[in-house]
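Let us walk through this structure one part at a time. Keep the 3D view open and find each residue as it comes up.

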Amino acid sequence: MKTAIFGRTQVEVSQIGAGTWTMGSMWGPRDDREAINSLVKALNLGITFIDTAWIYGEGHSESLIASAFRESKKRVFVATKVPPKNMQWPARHHVPVSETFPANHIIEYTEKSLKNLRMEQVDLQQLHVWSDNWLEQGDWMSAIEKLKRDGKIKYFGVSINDHEPNSALKIVESGLIDSVQVIYNIFDQSPEEKLFPLCQKMNVAVIARVPFDEGSLAGALSPGLTFHAKDWRKHYFTKERIPETIEHVEKVKKIAATENLNLPMLALKFCLAHPAVSVVIPGMRKIPHVEANVKAGDGKALSQQTLAALKKEIWLRNFYPSHG
């Protein structure tokens, strides 16, 4: 497993990390035993970075991580997130930070996450949405400073709104954060324009999320597919959207074949090809997913020819449902 330095923290982490939203909530029936086994497998195969959030089952995925640590006798870098107080995703830029991240709320939910994770300190605490309009508002930063003083968190970052990489440029430039988490995949390469160069300049780590476009770039779609009633993706990949998505995916598959790679491995290697990216966090709630994803961290780079071909597959759109 190839590793990378996580920005200015100087912590060395595996380039493939474990995303845990899929095992926490909203992705159909849960299998907690399988989820724990998958995390243990990931740890044994060299994954040293796990990303989670309180909202993933209201602490459920955090508790699964604690169980995996207990069973494996291993403890790796953990990043979690504070939900906005108004529980609105994405952030509404006109809403004041007093309604999303007041200091007491940040402290309260950090304490909840620590309890779920059975930890005294979390490695990275993130705000689960962000607007640069909040940078000079409210008392949110006083909470971060207190949590650091009290030894409750080590590092701090933000998770950027879906498909809005430029909405965090000011906070990156401020020097207040250690990391950003952003959607980055073959279809959405927009962070490369402004966010990534700025993160490199400020030595801010980048966590690339949604590398598989919620499943399409993992080959999960087929004509006529229907999702489980409890799987939120029924709103993302509606029956009208599936055919056009498959059409775009088929073009990417042909590029993968030229590299002798399967689709998900190409998708992960694409994310890791950019020097600004420290870690990519695919979901992996099943052991076969873990084994497949880990292989992408072998350090073998995509050819420049392949990367040039993937530039032509940009497909900017926002399928995420609006909340609130």
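Start at Trp140. Leaving aside neighbours within four places in sequence, Trp140 is in contact with Val97, Phe101, Ile106, Leu127, Trp130, Trp134, Leu135, Phe156, Ile171 and Leu176. Keep in mind that this is a predicted model.

Where does Trp140 lie? Trp140 is in helix 5. Is Trp140 buried or exposed? With a relative accessible area of 2%, Trp140 is buried, because the cut-off for buried is under 20%. Now look for Ile107. Ile107 and Trp140 are 33 residues apart along the chain, and their C-alpha atoms are separated by 9.5 Å.

Next come the aromatic rings. A pair of such rings is described by two things: the distance of the centres and the angle of the planes. How many aromatic pairs does a search of the whole structure find? The search finds 23. Take Phe6 and Phe49 as one case. Their ring centres are 5.5 Å apart. Their planes meet at 45 degrees, so this pair is tilted. Phe6 sits in the loop between strand 1 (3–5) and strand 2 (12–14), while Phe49 belongs to strand 4 (residues 49–51). The pair therefore ties together parts that are 43 residues apart in sequence. Both Phe6 and Phe49 are buried.

Trp140 returns in another pair, with Trp130. The ring centres of Trp130 and Trp140 are 5.3 Å apart, and the planes lie at 70 degrees, so the pair is edge-to-face. Trp130 is in the loop between strand 6 (122–127) and helix 5 (140–149), and Trp140 is in helix 5. The two are 10 residues apart. Both Trp130 and Trp140 are buried.

Aromatic residues also gather in a group. One aromatic cluster is formed by Trp21, Trp27, Tyr56, Phe187, Phe227, Trp232, Tyr236, Phe237, Trp315, Phe319 and Tyr320.

Some of these names come up again in the largest pocket. Its volume is about 1200 Å³. How many residues line the largest pocket? The lining has 47 residues, and Trp21, Trp27, Val210, Glu214 and Trp232 lie nearest the centre. By class, this lining divides into 23 nonpolar, 15 polar and nine charged residues. Helix 1 (21–24) and helix 10 (287–295) each supply at least two lining residues. Helix 10 gives the most, with three.

Now move to the second largest pocket. About 200 Å³ of space lies there. The lining of this pocket has 13 residues, with Leu272, Ala273, Gly299, Lys300 and Ala301 nearest the centre. Helix 9 (263–273) and helix 11 (304–311) are the elements that give two or more residues to this lining. Which helix gives the most? Helix 9 does, with three residues. The lining of the second largest pocket has six nonpolar, three polar and four charged residues.

Among the buried ones are Leu263, Met265, Lys269, Phe270 and Leu272. What covers the buried residues of helix 9? The cover includes strand 9 (205–209), helix 8 (241–258), strand 10 (277–280), helix 10 and helix 11. At the N-terminal end, Asn262 caps helix 9. A side-chain oxygen of Asn262 lies 2.9 Å from the backbone nitrogen of Met265.

Finally, turn to the backbone. Most residues other than glycine have a negative phi, and most peptide bonds are trans. Here are some exceptions. The peptide bond from Trp89 to Pro90 is cis, with omega near -5 degrees. Pro90 is in the loop between strand 5 (77–82) and helix 4 (103–117). Met87 is in the loop between strand 5 and helix 4 too. Met87 has a positive phi of about 55 degrees, although it is not a glycine. Its relative accessibility is 33%, so Met87 counts as partly exposed.

Gln10 has a positive phi as well, near 65 degrees. Look for Gln10 in the loop between strand 1 and strand 2. Is Gln10 buried or exposed? Gln10 counts as exposed, because its relative accessibility is 54%.

Note on methods
Residues numbered from 1 in each chain as written. Predicted model: local features only at pLDDT ≥ 70, side-chain atom pairs only at ≥ 80, totals over all residues. Heavy atoms only, no water. 1 Å grid on protein atoms, 1.4 Å probe; cavity = no way out; pocket = protein on both sides within 12 Å on 5 of 7 lines; lining within 4 Å. Points joined across faces, edges and corners; volume = space filled by probe spheres on them. Helix = DSSP H or I, 4+ residues; strand = E, 2+ residues; numbered from the N terminus. Nonpolar A, V, L, I, M, F, W, Y, C, P; charged D, E, K, R; others polar. Buried < 20%, exposed > 50% of the residue type's maximum accessible area, 1.4 Å probe, protein only. Contact = heavy atoms within 4.5 Å. Polar contact = N/O pair within 3.5 Å; in protein donor to acceptor, adjacent residues only side chain to side chain. Phe/Tyr/Trp six-rings, centres within 6.5 Å; stacked < 30°, edge-to-face > 60°.
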